[in-house]
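Here are a few friendly notes to read alongside the structure. Have a look at the model first, and then we can go through the points together.

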Amino acid sequence: MSYLTEESREAIDDRNLRTMWDVHDQWSSPDTDLEPYLWEWEDIEASLRTIEEEAPLEDLPQGIRRSLALRTPGSDITSSTIAAFYQTVTPGEVAGAHRHNVGAFRFVVEGNDKMYTVVEGEEFPMEPGDLILTPNWTYHDHENQSDETAVWVDVLDWPFIGSALGAPIFDNHKEFEQPVDKEQGYYNSQFGTMRPANDNASRFRDTPPYRFSWEETYDVLTTAADNDQAYDPYNGVNMEYVNPETGQGPVMSTIALRQQMLRDGDSTKTHKHNTSEIYYVVKGAGKTEVGDETLEWSEKDSFVVPPGKWHSHETTADESVLFAMSDRPIFDAFNLYHEERKDE
Ligand SMILES: [Fe+2]
Ligand SMILES: [Fe+2]
């Protein structure tokens, strides 16, 4: 749209100025160029095997992970705020220690108790379904001391910090592997349900290093479901991870994490919001309608629900569990959230 002659418009452009109506569209609705998309585990796994074979970790610089970014059609990355990757570390390999002001966490696809993420001096075992927080500014490296290849989903607020704010800070630890100078369970003893009585002040502004085991997560989820609690018609049984230090959500200052359980025959109502949702399928199978598309999912797949798209979920298995990752904390911090619901 232009109300000006071509000549006038070019003259304004040449002075590095723009008329407001030329930029207004970007301000008035969520980014509709983004398309919903599902990444099947079969395709991800084949690609992981390729990069394991052709790019040994020892050939990569200390700060670079051997991982695959989920790229949403219409974008270079998963969403405008948060990015998801699948990372692989084979037996004996180490992904070197670094830190950044970008916040991150890991959700384990394949792993065991000898696969560790080391965060600020403590080794956190990585078993399937475990959630390991590597908060911003904390040094972290990944060590596979087992004889099985480990795979996990890495999620970072990198597009928000890096692209939107243009403010990423990154540095490698002076040693390739950081020293392990804390017993396993140390951070749980500082920030879990029992803490030092006299001194529990935190040096972590976001959230502390922490491991949420799948065993405990699933136990809590099924107990809530069995007691008919936490049911949300738009999300199913909807349980949120909380910051272990405060006992309140969101678990990280930029990313909210939930587990949504859909029980036999469950289908959710339809809603849309201006936040992005990335899903990893922990258990079961089913389908999600997003806009005009139907995404059929099963275990270890991931899919994205872009902002502004109507969506609903349905399980075709006896029980499905979807791990939901959302940028909603950014929206809540600045009073930006908007949601519409059908059949309320
Ligand atoms: Fe990192
Ligand atoms: Fe949603």
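Is His-271 buried or exposed?

1. His-271 counts as buried, at 3% relative accessibility; buried is under 20% relative accessible area, exposed over 50% and partly exposed in between, with a 1.4 Å probe and protein chains only. His-273 is buried too, at 4%.

2. A word on conventions: this is a predicted model, where local features need pLDDT of at least 70, side-chain atom pairs count only at pLDDT 80 or more, and totals for chains, interfaces and linings use all residues. Residues are numbered from 1 along each chain as its sequence is written, chains are lettered from A and ligands numbered from 1 in the order in which they are written, and side-chain values use heavy atoms, leaving out hydrogens and water.

3. Both histidines belong to the iron ion (ligand 2) site, where His-271 (NE2), His-273 (NE2), Glu-277 (OE) and His-311 (NE2) coordinate at 2.1 to 2.4 Å. Donors are N, O and S atoms within 2.8 Å of the metal (3.2 Å for Na, K and Ca); water is not among the atoms, so sites may look incomplete. Along the sequence, the donor residues follow the spacing H-x1-H-x3-E-x33-H.

4. Turning to the rings, the whole structure holds 20 aromatic pairs. Tyr-37 and Trp-39 make an edge-to-face one, 4.9 Å centre to centre with 70 degrees between the planes. Rings of Phe, Tyr and Trp (its six-membered ring) pair if their centres lie within 6.5 Å; planes under 30 degrees apart are stacked, over 60 edge-to-face and the rest tilted. Tyr-37 is partly exposed at 36%, while Trp-39 is buried at 11%.
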